[in-house]
Amino acid sequence: MRDFKYFQPTDIRFGSGKIVEVGAAVAKYGKRCLLVTVPVEPIFEALFDKVKASLKSAGVEVAHFDGIIPNPTTECITAGAEAAKQHNADVVLGVGGGSSMDSAKAIAVEATHPGTSWDYLYFRDSQPTEKTLPVIAVSTTSGTGSQVTQVAVVTNTKERDKSAIYNAIVYPKVAIVDPDLMLTIPEHITASTGFDAFAHAFESLLNPNASPYTDMMALEAIELLVKHLPRVVQDGSDREGRAALAWADTLAGLCIANAGVTLPHGIGMAIPGMYPHVMHGEALALNYPAFTRFTCPHAISQFVAVGRIFNPELREESDQAAAERMCEEVDQFLKEIGMWFGLADFDIPQAEIPDLAEQSMVLPDNGNNPRVATQDEMQELLEQCYRR
Ligand SMILES: [Fe+2]
């Protein structure tokens, strides 16, 4: 048995209808709340009204900052931090997908520290302190796991860079995971966020920080995603399937908080950093076929375990054969959920692949892959992702 440590401070409230607990959960940490969401649109109105009513009945005064965009920028975080200061907020509530929850964390830092969120990235000398406002997270998609992680991803458009605050101080105090909130997620967002959760679970198995604890959760998450994601992409109203995906996403979030991701996430961050019209899940999907083949010979046991989840008949095959077949199973999975594409499908110029390769090496993710890519190998790998 390997030695390991495992830490998770978030109070998780999981289940259908749990959204009604949001007011009481926030009131435990403050009386003046900044609610952080994407712009109010008709499909979100009922949810936002319900959240505000719950806050009000718990005696919490709320200001609503609804300026969050996909791949939230440093400017977007600064506007949110200003809103927090103006309201004199003592707690931040992020309601939405990864963008809203990550922004809530970055706003909680910027509102209480000098400079901007970009000054507190994981590799900086200055790190967020205890002054950081407490964060409560309500997830409305099943993908980023942000409701249970210490990560807040921010995009700097001037630098064409996407990076992250990574500090235990931004773990949400409470995470509310209510699968009923996910019944109306459109098909492509379901697929893209669901594949992100798959990538979190699979890469955490490969990361050198993996433990028996995270392995157990990662394998369970993968089993749930393999069984339910294709079905829910077909029928978004499948309540049992939505609950399974929400649980898989939470498990995969717990995995990345304690083990971490590998090479695909280096690319999965670099692409939207340079080309913000590409979603994180799409950037992962387009590099997985090349990544699996690049990595497979260096992580046979993990590839075998996941291959046999996809296809139990691979129990009859040798480990080597089962591991290689796993790469084909992932291809098939991507096709089934409508996520089979390459860089060319997003109009990314082939001539920029060398720059993209350089950016994909910046985060520590590649360094945590069982086979660490050199810059030339990263470039070659991205060339393989150009056209499907
Ligand atoms: Fe991710």
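Leu 34 touches Ala 63, Phe 65, Ala 83, Ala 84, His 87, Ala 89, Val 92 and Ile 107, leaving aside residues up to four places away in sequence. Contact here requires C-beta atoms, placed from the backbone, within 7 Å. The model is predicted: local features need pLDDT of at least 70, side-chain atom pairs count only at pLDDT 80 or more, and totals for chains, interfaces and linings use all residues. Numbering starts from 1 along each chain as its sequence is written.

Leu 34 is also among the residues with the most contacts inside the largest nonpolar core, which has 130 residues. Such a core is a set of buried Ala, Val, Leu, Ile, Met, Phe, Trp, Tyr and Cys residues joined through C-beta atoms within 7 Å. Buried means 20 or more other C-beta atoms within 10 Å of a residue's own. Helix α7 (residues 239–258) gives the most to this core, 12 residues.

## The sheet

Six strands form an open sheet with parallel pairing, in the order β1-β8-β5-β4-β2-β3. Helices (H or I, at least four residues) and strands (E, at least two) are DSSP runs, numbered from the N terminus. Pairing takes at least two DSSP bridges. β1 and β3 (61–65) are the edge strands.

β5 (residues 135–139) and β8 (residues 174–177) pair over four bridges. Ile 136 has Val 174 of β8 as its bridge partner.

## Two domains

Domain 1 spans 11–182 and domain 2 spans 187–384; the bounds come from an automatic or database domain assignment. Between them, 22 residues of domain 1 contact 26 of domain 2.

Definitions and conventions:
Contact = placed C-beta atoms within 7 Å. Buried ≥ 20, exposed ≤ 12 C-beta atoms within 10 Å, placed from the backbone.
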